[in-house]
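Here are some notes for a colleague who is meeting this structure for the first time. Please keep the structure open while reading, and follow each point on it.

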Amino acid sequence: MSAPENVTLTIDGRVVEVPKGTGLVETAAVAGIEIPVFCYEPRLGPPVGACRMCLVEVEGIPKLQAGCTLTAQEGMVVGTGATSEKAAEGQNATLEFILVNHPLDCPVCDKGGECPLQDLTFRYGPGQTRMTFPKRTLDKPIPISPTIALDRERCILCYRCTRFSESVAEDGQLVARNRGSMSMIATFEDEPYRDLFSGNVIELCPVGALTSTQYRFEARPWEIQNVPTICGLCPVGCNISATTREGKVKRILSRNHPEVDQGWLCDKGRFAYPHLYAEDRIATPLERVRRRGFGEISWDDGLDRAEALLRGAGGRIVTALSGSETIEEAYALGRLLRVGLGAHSAVLPEATSSALDAFRAPLSSIGHAEVVVVIGEERVADRAPIVGLWIKQARRNGGDVVELAEPKLDAELEQRLRSSDRAVLIWSGRAGGGGARLAELAHSLGFDGKPGCSAFHLPATPNGRGVAEAWAAAADRDEANPEPIGLLIVSGDEAAADPAVRALAEKAEHVLAITMYHGLAVGWADLVLPATSYLERDGSFVNLEGRVQRLRRSVIPPVPDELGWISKLAARFGVEISPHASLVFAELAETVYGGEASFGDVGERAPLPARAAYEPPEPRPVAPIPPPAAAPAEHFLGTLRLLRYRPLFSGPTVERVPELRFQRPAAEVELAAADAERRQIRNGDSVTVRSESILTLRARIDRRLPPGVARIAEEHARDLGTTVEVSRSSNPFTSAGGERA
Amino acid sequence: MAEQRLVVLQGADERDLTKLAEYRAIGGYDALAKARALTPQAVIDELLASNLRGRGGAFFATGRKWSFIPKPDQNPNPHYLVVNADESEPGSFKDNEILSRVPHRFIEGCLITAHAVESKHVFVYIRGEYLGPFEAVRDALEEIREDDQLLGGVTIVVHRGAGAYICGEETALLESLEGKRGQPRSKPPFPAISGLYASPTVVNNVETLATVPPIVAMGGAAYAKLGVESSTGTRVVSLSGNLVRGGNYEVAHGITLRELIYDLGGGVPDGRELKAVIPGGSSTVILTAEEIDVPYDYDALAEVGTAMGSAGVIAIDDRCCMVQLGIRVSEFYEHESCGKCTPCREGTRWMTAILRKLEAGEASDSELDLLLDVCDRINGKCLCPLGETAAMAVASYVLKFRDEFLAHLDGGCPFGSQSPLDGVVAPVNQHTQSPVAEVPA
């Protein structure tokens with residue numbers, strides 16, 4: 001690409017040079033001049049020129065122009081409100097009109113103090129009102145979903161929210177209704193706004209019209225602190241700010257990292273923070289008394305008991321990690337167990353293959369890809385929601401998106417990928433060696449030499465790769481799995497909720513659980529040490545791009561953090577490990593991250609490491625993807641392969657947030673249209689799903705599903721086997737959604 | 001005595017030109033054959049020579065508009081001709097008559113234009129309430145549907161609007177046609193570059209297109225001899241309000257407003273006095289009775305600060321209260337404001353509120369100034385002309401009839417209920433009827 005031609009123009013008497021086509025708002029900013037805006041938001045698509053806040057005078061054009069719709073042209077002479085009386089009068093007029101029907105209830109408005117309308121009114125608006133008529137009044141607030149409240153009186157109709165809904169999330173659920181001064185924002189057919197990304201409209205709203213039901217009346221901007229950290233709920237690691245007041249997290253805002261999240265955040269990342277204050281949160285170490293009871297013990301006793309358990313196991317220890325530990329915590333645990341006790345056996349979360357480092361690129365590269373191939377049976381949104389938004393952006397930019405259940409390319413697609421300079425492969429499924437097979441595919445397509453072509457694996461856990469690398473770096477020995485298991489250490493809530501880990505616990509003599517919640521510890525752990533959340537820890541995560549990002553402690557946890565007590569416990573086994581994340585990171589960085597990296601280098605917006613040379617992944621046993629059930633004979637309906645999936649809105653964190661209940665998956669089984677038709681099942685029918693056990697679920701026909709599978713959320717699939725029979729419920733009185741005896 | 005000069009409506013008084021055979025009998029569709037024998041550029045040149053300017057209201061040179069359309073090799077997207085038949089301006093009803101009486105001339109104009117801009121797709125966006133004109137066009141299309149040669153591979157789709165004045169604004173019309181909320185787009189890009197479905201699009205008014213066949217038939221130069229230099233050709237003018245003989249009259253540009261009102265319209269009935277004239281539909285600046293010797297052409301009207309707009313001439317007699325007229329017009333624009341840009345959405349509502357207060361006799365001196373200031377703050381700051389023209393029109397009532405407004409300050413309206421505004425643009429509740437109710441099953 002050739003560098004764009006530069007143009008020189010004058011704004012308020014200042015000469016500024018920018019590439020041709022730069023927006024006038026940005027051009028003015030380069031010159032240190034503000035063109036105030038409400039509706040303008042480049043991330044929402046082309047400017048609309050609706051609010052008229054940005055009026056400027058352009059020499060040679062008699063009428064005031066909407067600055068946001070103009071681009072820099074050679075020789076242009078622009079006057080903003082600062083120098084042009086006409087422009088100032090226009091901006092003043094716009095604000096006067098906006099305020100004519102605005103309730104001016106700033107003292108009780110959540111937005112007050114951080115409100116663009118307030119700020120711009122102070123800078124550009126009239127100091128008093130000339131409006132002597134009753135203001136338009138409307139019902140308010142309207143809960144457009146359990147998480148969002150709409151105040152239509154405060155709304156200034158900038159249409160940012162509807163544009164987000166239409167052009168970014170592409171859900172089309174937010175619409176404008178009526179006309180003229182009675183125009184109002186509404187959800188389509190007044191249905192709740194149910195989308196993965198709905199919360200972004202709260203942040204986009206330049207006034208207090210769309211507010212978070214969780215944050216309403218909780219804090220004022222002058223008594224809060226915003227802590228820059230990252231979200232720890234999926235492998236993207238969206239950059240966020242945690243708003244805290246008096247030591248409590250009150251809301252989560254996005255913090256634009258243009259390469260990672262572009263300032264968008266999914267509703268899980270935004271609304272899940274109340275999990276910190278769940279009723280069953282564990283505050284002290286717990287010791288098992290009797291079969292299912294627990295007794296609270298002191299930390300001193302807790303560490304004594306832990307030491308005793310560790311010594312008692314005689315090295316026959318297995319550690320199950322969640323993939324949501326920081327790399328520092330995983331490394332410290334590894335040092336304690338592997339160096340201190342020689343306990344090398346671990347159940348590690350699915351990690352991303354380092355072979356993919358040769359095809360590394362920022363996630364933002366997906367947004368302007370010519371062709372995106374998504375391989376696998378897991379939905380991108382369930383694993384890494386923001387990646388789904390980047391894919392939508394690619395499609396809007398004219399790119400093609402191809403979805404494949406298996407990594408089998410036809411000749412035409414293969415040729416396209418070979419010849420393209422902007423192609424992206426995404427692995428969104430289990431198996432595949434953590435992207436190792438994807439790396440091989442990318443290599444075979446010649447992606448190594450093309451910086452615009454990249455490959456991403458969407459792992460199941462937020463920091464699986466970091467945890468695996470840190471655990472590996474802690475020692476360099478390997479040991480066979482102990483038999484029998486003397487002690488199973490369960491680190492984190494995801495591991496504690498994992499049925500496979502539970503099965504392992506059955507075979508273990510003792511279980512030590514590190515978890516946040518009673519519900520996850522009861523009935524199987526001998527000792528529970530309280531865990532902390534990603535919002536309460538210092539440390540780092542490695543995201544799916546391979547980017548090392550920093551978590552910053554937003555609030556002091558109600559319990560000592562893991563690194564602190566691991567450090568103390570390690571000392572009892574002669575292992576020295578710092579309780580400070582920065583020092584642990586420095587130690588770890590020497591072996592894993594090239595020796596140079598420090599916390600300071602990671603910064604608030606972490607850079608992406610350079611591509612590595614391609615190294616073929618180690619051959620390892622790759623679990624084959626089970627083939628789809630054979631096409632059944634005409635009269636035999638046959639079985640379907642059960643496709644269990646973990647929905648985005650599931651897991652111990654989401655389960656503890658009442659506002660997110662409406663987002664959780666319904667008790668339904670998704671079927672391909674052909675499979676449903678053959679069974680005479682219609683959308684919404686109550687159906688019986690049968691393997692070793694029997695469930696009654698509601699049927700949903702999904703056109704995108706390949707035939708031969710039945711897709712059921714993990715929490716509803718319960719103990720179904722790998723193949724199921726699906727038929728219409730014979731008993732019409734059986735209601736869907738419950739288990740039948 | 002001034003007389004009509006029929007070009008667009010030529011032949012319709014003598015024959016039923018809604019019938020293909022009748023239209024053929026007076027040489028109908030010959031111009032199409034003639035145009036198709038020419039290159040697209042030659043047709044555009046003919047239009048440039050005629051100096052035909054758009055009859056929708058903006059008066060932009062039609063040939064120039066066509067010449068902005070990129071050639072197919074410059075832009076491979078389909079090219080579209082979109083017809084603005086969403087005639088909704090209070091006081092204008094000329095397109096209604098043209099579509100109803102000479103639908104074939106209109107269709108012929110569409111086909112010639114499609115040839116000139118190398119388009120195969122014509123969309124006619126017709127006002128939802130215009131059931132009669134819709135049926136006339138539909139029936140005419142039915143008649144030529146069999147004739148592949150006539151259509152020449154061009155498809156003509158007639159789309160009925162759903163009752164929004166703003167959809168007469170070309171970009172709002174395109175949004176609506178695409179199935180979106182009818183709101184204007186920010187320009188540029190202009191429709192010629194990125195219009196319907198982001199493709200090169202010509203948007204022309206009904207009358208403009210119905211003028212194209214006569215121009216091709218008689219030659220651009222001959223057409224240019226009609227009318228006056230700045231405003232060539234004829235214009236179908238809708239006369240309404242307090243007149244003896246309201247209706248549509250096709251006249252050559254340059255006739256005076258006085259001739260239109262007295263010679264063709266028969267003057268004000270019942271011996272009353274003419275008080276004011278709205279010269280180009282409700283959105284234009286009003287003229288007093290003393291100003292009507294102005295010739296009805298673009299430049300002359302611009303000189304007296306008003307515009308020909310969509311040629312809806314509304315005569316107002318001495319019974320009418322200008323404040324009530326202001327309310328009627330302001331209510332219309334408040335009701336029809338699309339709600340996209342701030343000044344129009346909020347300003348028109350404020351204007352109406354002040355006018356109502358004036359009419360009730362509860363306003364003060366300063367509120368009259370406030371009204372003018374609100375108009376001034378709308379004007380020149382909107383996304384599209386809707387709010388701006390509403391503000392200019394209402395402000396002109398105050399400026400030209402200030403004494404009457406001042407008379408309202410003490411004790412309310414001097415006309416009281418004696419000012420019915422009968423026949424002077426329809427009250428807003430008549431604009432709220434749903435056109436959908438009329439859709440035949």
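Predicted model: local features only at pLDDT ≥ 70, side-chain atom pairs only at ≥ 80, totals over all residues.

1. From H8(A), the residues Ile327(A), Ala330(A), Tyr331(A), Leu333(A), Gly334(A), Arg335(A), Leu337(A), Arg338(A) and Val339(A) meet a set in H13(A) made up of Gly466(A), Val467(A), Ala470(A), Trp471(A), Ala472(A), Ala473(A) and Ala474(A). Sorted by class, the residues of this contact are twelve nonpolar, two polar and two charged.

2. As for the geometry of that pair, helix H8 spans residues 327-341 of chain A and helix H13 spans residues 464-474 of chain A, and the two pack at an angle of about 35° with their axes 8 Å apart. The crossing in which H8(A) passes H13(A) is right-handed.

3. Helix H6 (residues 103-116) of chain B packs against helix H7 (residues 131-145) of chain B at an angle of about 65°, and their axes are 9 Å apart. Angles of 65 to 115 degrees count as roughly perpendicular, and H6(B) and H7(B) are therefore roughly perpendicular to each other. Their crossing is right-handed.

4. Which residues make the contact between H6(B) and H7(B)? On the side of H6(B) they are Pro103(B), His104(B), Phe106(B) and Ile107(B), while H7(B) contributes Ala136(B), Val137(B), Ala140(B), Leu141(B), Glu143(B) and Ile144(B). Of the residues in this contact of H6(B) with H7(B), eight are nonpolar, one is polar and one is charged.

5. Val387(A) deserves a separate look. If its neighbours within four places in sequence are left aside, Val387(A) is in contact with Val236(A), Leu363(A), Ile366(A), Val380(A), Ile426(A), Leu458(A) and Leu544(A).

6. Is Glu677(A) buried or exposed? This residue lies in helix H21 (residues 673-678) of chain A, and its relative accessible area is 65%. Since exposed means over 50%, Glu677(A) is exposed. Glu677(A) and Phe573(A) are separated by 104 residues in sequence and by 64 Å in space, C-alpha to C-alpha.

Key. Residues numbered from 1 in each chain as written. Chains lettered and ligands numbered in written order. Heavy atoms only, no water. Axes fitted to C-alpha atoms, helices over the stretch in contact; angles between N-to-C directions. Helix = DSSP H or I, 4+ residues; strand = E, 2+ residues; numbered from the N terminus. Parallel < 35°, antiparallel > 145°, perpendicular 65-115°, else oblique. Left-handed = near helix turned anticlockwise from the far one by under 90°. Contact = heavy atoms within 4.5 Å. Nonpolar A, V, L, I, M, F, W, Y, C, P; charged D, E, K, R; others polar. Buried < 20%, exposed > 50% of the residue type's maximum accessible area, 1.4 Å probe, protein only.
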